[in-house]
Amino acid sequence: MKRKIILSLAGLLVLTTAFFIFQALEGTLYFWNPGSETSRTTEYPSAMQPDQVCLTWTGDPRTTQTIQWRTAASVRDGWVEYRERSAPEKDAVTREAVLTSIEDEMLENDPVIHRYT
């Protein structure tokens with residue numbers, strides 16, 4: 001019983017210390033450059049036109065295809081159109097993409113981007 005109490009108190013001490021360190025850093029931790037509060041820029045900010053297109057699969061690579069891309073935050077929706085290679089264009093299927101918004105407050109010229117899947 002004493003051991004559980006001691007371990008609980010030690011855990012509480014660690015959490016309390018971590019909390020105060022986090023508060024001292026004003027809620028921001030800089031893992032990429034410890035101690036630095038300097039913002040940075042990218043040579044390749046996102047734009048209205050999709051870029052960083054990545055093709056992969058979600059299951060069997062013979063029968064599935066996942067498409068991901070990046071756009072500027074001003075782009076509010078994304079769509080993908082696909083068909084089997086041998087199918088006529090009129091048989092193309094259109095699907096709405098799933099949007100994920102990614103924020104990086106330290107990236108001065110591109111703080112918010114959208115990723116679509």
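**View 1. Contacts across the chain in a predicted model.** Residues are numbered from 1 along each chain as its sequence is written, and side-chain values use heavy atoms, with hydrogens and water left out. Local features need pLDDT of at least 70 and side-chain atom pairs pLDDT 80 or more, while totals for chains, interfaces and linings use all residues.

View 2. Start at the N terminus and you'll read α-β-β-β-β-β-β, so that's one helix and six strands (DSSP runs: H or I, at least four residues, for helices; E, at least two, for strands; numbered from the N terminus).

**View 3. Buried residues.** The protein has 117 residues, and 15% of them count as buried (under 20% relative accessible area with a 1.4 Å probe, protein chains only).

**View 4. The largest pocket.** The largest pocket holds about 350 Å³ of space. Here a pocket is an open set of points on a 1 Å grid over the protein atoms alone, where a 1.4 Å probe fits, with protein on both sides within 12 Å along at least five of seven lines; lining residues have an atom within 4 Å of a point. The volume is the space filled by probe spheres set on the points, which are joined across faces, edges and corners. Of the 14 lining residues, Gln65, Thr66, Ile67, Val80 and Tyr82 are the closest to the centre.

**View 5. Strands at the pocket.** β2 (66–72), β3 (79–82) and β4 (93–96) each give two or more residues to the lining of the largest pocket. The largest share, three residues, comes from β2.

Conventions
Buried means under 20% relative accessible area, exposed over 50%, partly exposed in between (1.4 Å probe, protein chains only).
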